[in-house]
Amino acid sequence: VGRNDGGGVDEALAAELRVDTRIATLENQFMQQAESDRGAVVVLAESSLLEQHLFVKEVSATALAQANAGAAVLISEPLAWQAGLAIGDVLTIHASAGDVPLPVAGIFYDYTTGGGLVAMSQPLFAALWPQTPSRRLILQTTSPADANALTGELRQRLTALDGSYGVIANAEVRNLTLTIFDRTFAITHVLRLLAILVAFVGVLSALLTLQLQRLREYAMLRATGMTVKETSAIIFTQTAVMGLLAGLMAIPLGLMMADILIDVINKRSFGWSMLHTLSPSVLVQAVLLALVAAVLAGLYPMRRVAAVHPAAGMQKL
């Protein structure tokens, strides 16, 4: 539950929700636009511990304890990249109480498109901006069914309150995010299909040229008694080995390109990075795709070579 017009959440509404038996926990979230010695930032604070609502990237246990105690802050990864801040540096916040130098205790992941984020404990936030009300209420219900019912009730109740309120469930955020990602990366699937088609045509032309160049060799094998089936088996084996080797060689190249995308391009473009996860099934699929593409591309050269008469093949070259 949050205010969309920049105001604070009604305290009477918060008091009613705290006694609702369908709500397991209720947390207040505070937000403040502020200036710092590294530019404009957005300061966030919640009534819970920092590690409970942040996806922490780098922080030690001692530094995290200091941040929860109000002696330090955590900053977002884009802010650390853009401002050149690291753990142990000092960020000076221009608050209503004056300029406050705060050590950077850690860095957390953030994938928003706004400015840099600074997360601090709620007592420290209250000391810097004592009159700032909470901007959002974060509710955790006892069951998913209660969440659906409560979301509908709150949307009806909030229409009677002054100000512009919004209610959104985590499931809705997740579904909307996945929908946006699917639309964004639709072009990626098209490019993947085009890459497979280009690779297939490339393998087909290369194998056809290679097999036709060895036409006399295959004709000699046929003339010495090798059957069409045995000749086709040789071509099939060569094609499969080439496809297998191509798939295996593509794995380190693909991993290197993924590292460049995550650690270089994403950082320079957005200031954030992603976790490196490697699924063995993806590697197996890549090798199988190269193998199947090579085998399919070798079917036509195989039939073309096998259909040539030995005497005619020995006269080709």
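Predicted model: local features only at pLDDT ≥ 70, side-chain atom pairs only at ≥ 80, totals over all residues.

Me: How many aromatic pairs does the structure hold?

Reply: The structure holds 4 aromatic pairs. One of them joins Phe30 and Phe125, with 5.6 Å centre to centre and 40° between the planes. Planes under 30 degrees apart count as stacked and those over 60 as edge-to-face, so the rest are called tilted. The pair of Phe30 and Phe125 is tilted.

Me: Which parts does the pair of Phe30 and Phe125 tie together?

Reply: Phe30 belongs to strand β2 (residues 23-36) and Phe125 to helix α5 (residues 122-128), so the pair links parts that are 95 residues apart in sequence. Both Phe30 and Phe125 are buried. Together with Trp129, these two residues form one aromatic cluster.

Me: What is the arrangement of the rings of Phe55 and Tyr109?

Reply: Their centres are 4.7 Å apart and their planes lie at 40°, so this pair is tilted. Phe55 sits in the loop between α2 (50-53) and β4 (56-59), and Tyr109 in the loop between β7 (98-108) and β8 (116-121); the pair therefore ties together parts 54 residues apart in sequence.

Me: Is Tyr109 buried or exposed?

Reply: Buried means under 20% relative accessible area. Tyr109 has 11% and is buried, whereas Phe55 has 45% and is partly exposed.

Me: Which residues make the nonpolar surface patch?

Reply: Leu253, Met256, Met257, Ile260, Leu261, Val264 and Ile265 make this patch of about 620 Å². Leu253 lies in helix α10 (residues 228-270) and, at 45% relative accessibility, is partly exposed.

Note on methods: Residues numbered from 1 in each chain as written. Heavy atoms only, no water. Phe/Tyr/Trp six-rings, centres within 6.5 Å; stacked < 30°, edge-to-face > 60°. Helix = DSSP H or I, 4+ residues; strand = E, 2+ residues; numbered from the N terminus. Buried < 20%, exposed > 50% of the residue type's maximum accessible area, 1.4 Å probe, protein only. Patch = residues over 30% accessible without salt bridge, like charges linked within 9 Å, V, L, I, M, F, W, Y side chains within 5 Å. Areas by Shrake-Rupley, 256 points an atom, 1.4 Å probe, with all protein chains shown as cover. Salt bridge = Lys/Arg side-chain N within 4 Å of Asp/Glu carboxyl O.
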